[in-house]
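Visitor: I have not looked at this structure before, and I would like to be taken through it step by step. Could you show it to me first, so that my questions have something to rest on?

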Amino acid sequence: MNNRLLYAALLWLPMFASHADTKVSEHVLGNGLKVLVKEDHRSPVVVSQVWYKVGSSYEPGGITGISHMLEHMMFKGTDKHPAGEFSRIVAENGGDENAFTGTDYTAYFQTMEASRLAVSFELEADRMRNLHLLAEELKKELEVVTEERRMRTDDNPQAKMQEHFMALAHTNSPYKNPVIGWPSDIANYKVEDLQAWYQRWYAPNNATLVVAGDVEPKAVFALAEKYFAPLKPSEIKAVKPQDEVEQLGVRKMTVKLPAKLPYLIMGYKVPTLKTAEHEWEAYALEVLAGVLDGGSSARLSSGLVRGKQLAVSAGASYSLASRLSGLFTLDATPAAGKNVWDLEAALKNEITNLQIKLVDTVELQRIKAQVLAAAVYERDSNFYQAMQLGMLETVGLGWQKADDYVTKVNKVTAEQVRDVARKYLLEDKLSVAYLEPLPINESASEPNTQKGAK
Amino acid sequence: MRIHLLSLIFLLASQSVWAVAKIEHWQTPQGSRVYYVQTEGLPMVDIQVAFDAGSARDGDQFGLSALTSALLDSGAGQWNADDIAQRFESVGAQFGTGVSNDMASVSLRTLTDKLLFDKALETMRGILTNPSFNEADFQREKSRTLAGLKQQEESPGDLADIAFYKALYGDHPYGHPSSGTIITVSGFETANLRSFYQKYYVAANAIVVIVGDLSRKQAELTAETLVSGLQAGTKPDVLPEVVMPVKAGKQHIEFPSSQTHVLVGMPGSYRKDPDYFTLYVGNHILGGGGLVSKLFDEVREKRGLAYSARSSFAPMFRPGPFTVSLQTRNDQTGQALDVLNLTLADFINQGPTEAELLAAKKNITGGFAMRFDTNKELASYVSMIGFYDMPLDYLDTFRQNVEQVTVASIKDAFKRRVNPQLMQTITVGASVSSSEK
């Protein structure tokens with residue numbers, strides 16, 4: 001089959017698709033709230049997201065996880081709406097809602113039938129400035145968050161190992177702290193801590209409102225003016241940069257946990273689109289991640305899982321759109337009879353190959369083909385599109401970066417992939433963690449049964 | 001003020017006319033049922049071919065369905081696993097296989113540009129009709145499955161699920177985990193997979209789902225291309241009835257975790273169940289409604305006992321599980337379980353209030369359009385409708401079916417179908433000795 005012909009068809013396709021595309025519309029209210037609207041009239045629904053420029057990377061020591069804790073408390077009532085009413089009103093209007101916190105953002109969303117957008121705006125505007133933070137609600141919600149931490153991290157060996165790994169890999173960057181917070185910090189939040197955090201970051205001039213779906217931008221802007229314009233802005237003091245110090249040599253750690261399988265994580269210090277010396281470097285790292293892990297034909301699946309059968313699974317990941325410099329990570333679980341050191345050597349070998357040999361054209365085109373196609377598939381989901389805009393805006397890149405992602409990835413050359421591998425994937429900038437399984441309680445295999453069912 | 005708001009609402013709701021998806025249905029000459037929905041606006045299509053070949057068809061070879069499915073894209077005709085992956089990925093297509101208790105499926109998401117589409121479709125056809133089941137690929141996938149099974153043993157949640165299904169279904173085909181057990185999977189040979197494939201991956205046992213930007217004619221050709229190379233075959237016998245537990249049961253599995261995973265339940269509802277909508281709406285109030293439900297309120301909002309507390313019916317061909325679940329710090333397991341059981345018992349005895357029912361209906365019907373506002377979600381509904389042979393107007397009548405539910409019908413259905421005397425309770429976690437505290 002003629003690969004060049006296929007690739008030409010792919011290149012042509014997003015252009016055709018974007019022809020029918022509706023652009024993003026932007027409007028900034030007098031109080032600084034930025035409103036972004038992306039139209040999609042395929043279904044009579046709308047997603048509305050409020051993004052705050054605050055997340056775990058903004059947190060000082062002692063109160064790690066407080067952004068996430070505040071996210072939970074945002075459902076606990078205002079002057080107008082007592083605890084629980086927010087969710088009840090959204091539900092009665094047929095809505096779905098939730099919230100999420102990351103290193104660089106805290107976001108709240110509702111998806112609703114398009115005519116109900118005002119319901120979402122009224123509630124979000126209200127809790128942006130009028131939240132009640134009550135000690136008795138905090139006491140209960142603290143327990144909830146502690147249970148959440150147990151479930152997500154403490155009882156999950158690989159997640160727990162990742163937490164330790166991030167703390168190893170970063171010296172002073174706030175990315176060393178888990179988004180959910182360290183246990184003793186969680187146990188000691190006080191209402192005053194949350195109040196201060198809320199006052200400091202929750203204001204219209206520190207937020208972005210993203211709306212995607214079956215709506216007209218003008219009407220959304222008018223509605224946003226109605227509900228959000230009365231809110232007063234705050235003076236937002238910029239967070240300190242906390243630039244990570246230079247790493248001066250490889251770092252290694254062993255994490256011993258009750259588990260059944262060993263596990264390996266490796267991470268190289270790399271810049272992001274925001275921090276890279278040249279913008280293309282971030283896109284080249286993105287393509288490099290694709291060469292290793294962009295599907296089942298990529299090198300890790302093809303070479304390590306199938307070819308050499310060293311791993312039962314292996315992956316590579318890079319976050320292009322983070323606020324601060326971060327890591328290019330590789331992780332893998334060894335196949336039976338292999339160990340983490342075999343895997344470490346094999347993964348390093350893959351990196352060396354990228355540094356000395358150019359990725360061939362067909363392989364590079366395959367990575368780009370997937371990016372081009374994914375740009376079409378992503379448009380199946382309003383939620384995903386809104387999320388992309390919200391995230392880019394919130395980390396300070398600007399939502400416009402969403403528009404040139406495909407073009408920029410497409411411009412990446414084999415030489416650029418080699419060059420970023422040479423420049424950033426260096427042994428001295430590497431951290432490695434090994435999960436060493438400890439035996440799980442012997443009695444686990446012998447359930448204590450009071451038989452009832454047959 | 002109010003007038004102003006109304007005009008805004010008018011402006012917001014766009015002029016576009018929206019109707020519930022129209023499902024077209026036909027049968028191929030080989031006897032496969034096809035379900036097709038045309039969607040416009042994006043040059044892409046989601047295609048799925050599903051077989052009545054889920055883990056319920058494993059027989060005593062637990063995990064056979066899953067391993068057969070996992071091996072499909074590792075070799076077909078002339079192509080090895082790399083060839084297959086490259087063929088899909090060079091045209092930006094996404095391919096996957098998977099199994100549930102009832103169903104085994106292969107699915108493809110691809111662009112509809114002819115050049116790209118044809119290559120993806122040809123590859124999918126090869127996988128479906130001519131899989132190799134090579135010894136080397138088989139050994140590798142088998143050991144990956146075994147590693148996955150081992151890993152389940154480090155997850156209290158997975159251990160609880162496995163014990164729960166066993167407690168509910170015993171020796172019924174729903175009673176074992178889809179991925180099998182280390183003992184059964186270790187014993188497999190390629191011949192087992194081949195004969196499973198030959199028996200179940202046949203035209204008479206297949207449905208084809210197509211949702212996307214293809215014309216009816218293209219859809220017909222697509223379905224024909226995919227299944228014409230399959231053996232005609234026959235449909236397998238229907239699965240045996242589920243035998244209900246005869247009495248309540250409790251099982252604790254000791255595990256060194258900080259939380260105890262709690263599962264309570266019994267066989268619940270099935271796809272063509274006349275009580276289904278009543279149970280569904282009732283459960284929405286009890287523990288199904290996201291951040292608003294009785295369980296969520298009692299366990300989390302009032303007492304902070306858990307992050308997640310919920311209940312669900314999982315309708316399958318035969319009654320799938322009714323499950324009430326939470327995870328809590330080991331030393332408060334007893335308290336959480338008491339709250340869970342009391343909330344459930346209250347609901348069975350008293351049912352919901354009119355106000356609760358009204359709120360639930362508003363949530364379900366008001367958010368109806370969001371259930372399938374992406375091609376992906378729509379395709380999964382169409383697949384369910386096709387696979388379980390549900391009425392083609394299932395989505396059209398969905399809201400009406402919800403509206404018809406009453407407080408009395410919920411009380412009646414829960415009394416008949418959710419019996420505390422038959423509940424199976426699984427706990428997995430560390431029991432707390434009195435010295436610890």
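Visitor: At what angle do the axes of helix 13 of chain A and helix 3 of chain B cross?

Guide: This is a predicted model, so what follows is computed from it. The axes of helix 13 (residues 361-377) of chain A and helix 3 (residues 81-90) of chain B come within 8 Å. Helix 13 of chain A is therefore oblique to helix 3 of chain B, and the crossing angle is roughly 50 degrees.

Visitor: Which residues in helix 3 of chain B are met by helix 13 of chain A?

Guide: The contact of these two helices divides into 1 nonpolar, 3 polar and 2 charged residues. From helix 13 of chain A come A:Arg366, A:Ala369 and A:Gln370, and the residues they meet in helix 3 of chain B are B:Gln86, B:Glu89 and B:Ser90.

Visitor: What radius of gyration does chain B have?

Guide: Chain B holds 16 helices and 13 strands, and its C-alpha trace spans about 65 × 65 × 35 Å along the principal axes. Of its 437 residues, 54% count as buried. A compact globule with 437 residues would have a radius of gyration near 22 Å, and chain B agrees with this, at 24 Å.

Visitor: Which strands stand at the edges of the open sheet of 6 strands in chain B?

Guide: The pairing in this sheet is mixed, and the order of its strands is 1-2-8-3-7-6. Neighbouring strands are turned by 15 degrees against each other on average, direction ignored. A strand with a single partner has one side left without a neighbour in the sheet, and the two strands of chain B that stand at the edges in this way are strand 1 (24-27) and strand 6 (94-99).

Visitor: Which residue in strand 7 of chain B stands opposite B:Gln94?

Guide: Strand 6 of chain B and strand 7 (residues 104-111) of chain B run antiparallel and are joined by 6 bridges. Opposite B:Gln94, the residue in strand 7 of chain B is B:Arg109.

Visitor: What angle does helix 4 of chain B make with strand 7 of chain B?

Guide: Helix 4 (residues 114-129) of chain B packs on the sheet, where it touches strand 3 (44-51), strand 6 and strand 7 of chain B. Helix 9 (residues 216-227) of chain B lies across strand 1, strand 2 (33-38), strand 3 and strand 8 (206-212), running at about 145 degrees to strand 8 of chain B. For helix 4 and strand 7 of chain B, the angle between their directions is about 165 degrees.

Visitor: Is A:Tyr58 buried or exposed?

Guide: A:Tyr58 has its place in the loop between strand 3 (45-52) and helix 2 (66-73) of chain A. Leaving aside neighbours within four places in sequence, A:Tyr58 is in contact with A:Ser67 and A:Val239. Because 22 C-beta neighbours lie inside 10 Å, A:Tyr58 counts as buried.

Terms used
Residues numbered from 1 in each chain as written. Chains lettered and ligands numbered in written order. Predicted model: local features only at pLDDT ≥ 70, side-chain atom pairs only at ≥ 80, totals over all residues. Pairing = 2+ DSSP bridges. Helix = DSSP H or I, 4+ residues; strand = E, 2+ residues; numbered from the N terminus. Axes fitted to C-alpha atoms, helices over the stretch in contact; angles between N-to-C directions. Contact = placed C-beta atoms within 7 Å. Parallel < 35°, antiparallel > 145°, perpendicular 65-115°, else oblique. Nonpolar A, V, L, I, M, F, W, Y, C, P; charged D, E, K, R; others polar. Rg over C-alpha atoms; globule rule 2.2 N^0.38 Å. Buried ≥ 20, exposed ≤ 12 C-beta atoms within 10 Å, placed from the backbone.
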